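Let's take a walk through this structure together. Have a look at the picture first, then read on.

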Amino acid sequence: AMADLAPFTSSDEMIQGGICVVRDVTANVKAKKALQKSEKKYRTILESIEDGYFEVDLAGHLTFFNNALCDILGYPASELMGKNYRAFVDAENAQKTFQTFNQVFETGKSLKGFDWEIIRKNGNGAYLDTSVSPIIDAAEKVVTGFRGVTRDVSERRLMEKFLAESEERFRLIVESAPVGILSYDKKGIIQACNQAHVDINGSSFGKLIGFDLL
């Protein structure tokens, strides 16, 4: 219970006693405890995931984030709070990020699979795969900011680049080889061949691709 006290005075302003108004605040106290418990639970979840979680205002300033985002960007929480996303990107990625936030703002719908390149505090670059959702004021039904989950995919991007370069290197070797080279599936159907193999057979790619060796 919560009580409000006020003095009771006579006409000559002498205190004669007091008035007490008592209110039952059990429901409010329970609601507050439930909210605190819920906040603690979700904070625990956010801090246990490896992905970075963030919330920004409409101008792109960080208003909330978990420790994983600090690790991804390389900033301590004390420096990260209030920073604008433009502090982590070059001009090209800043424009790309703005367009993404603007699309979410205009449509009110989440956007998944947004890739952008960031610059960590130490100057090293990193690639992030990010999902962005609008923060909507329930009463006014307007977008007041954005929240998102982001993951460092730098290793994956480097591997994709390595594989692409390896494939290109292998293709050049095959194309420049003086001997005929071909590949076929388990049924003996030619899937690909180089120019030397075409020249040796005196045929064309169109006739050789799909030819049954068996």
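**A strand residue and its neighbours**

Start with E55: if you skip the residues within four places of it in sequence, E55 is in contact (heavy atoms within 4.5 Å) with H61, L62, T63, F64, I135, F146 and R147. You'll find E55 in strand β3; strands are DSSP runs of E with at least two residues, helices are runs of H or I with at least four, and both are numbered from the N terminus. E55 counts as buried because its relative accessibility is 18%, where buried means under 20% relative accessible area, exposed over 50% and partly exposed in between, using a 1.4 Å probe and protein chains only.

A quick word on what you're viewing: this is a predicted model, where local features need pLDDT of at least 70, side-chain atom pairs count only at pLDDT 80 or more, and totals for chains, interfaces and linings use all residues. Residues are numbered from 1 along each chain as its sequence is written, and side-chain values use heavy atoms, leaving out hydrogens and water.

Now over to helix α4, which covers residues 91–107. Which of its residues are buried? They are N93, A94, T97, T100, F101 and V104. These sit on the same side of α4, because they cover an arc of only 125° around the axis, going by the directions from the helix axis to the C-beta atoms. An α-helix has 3.6 residues a turn, so residues three or four places apart point the same way. The buried residues of α4 pack against β3, β5, β6 and β7. On the face turned away from that buried side, you'll see the exposed residues A91, E92 and E106. Just after α4 comes G108, with a positive phi of about 75°.

Key
Expected span 1.5 Å × (residues − 1).
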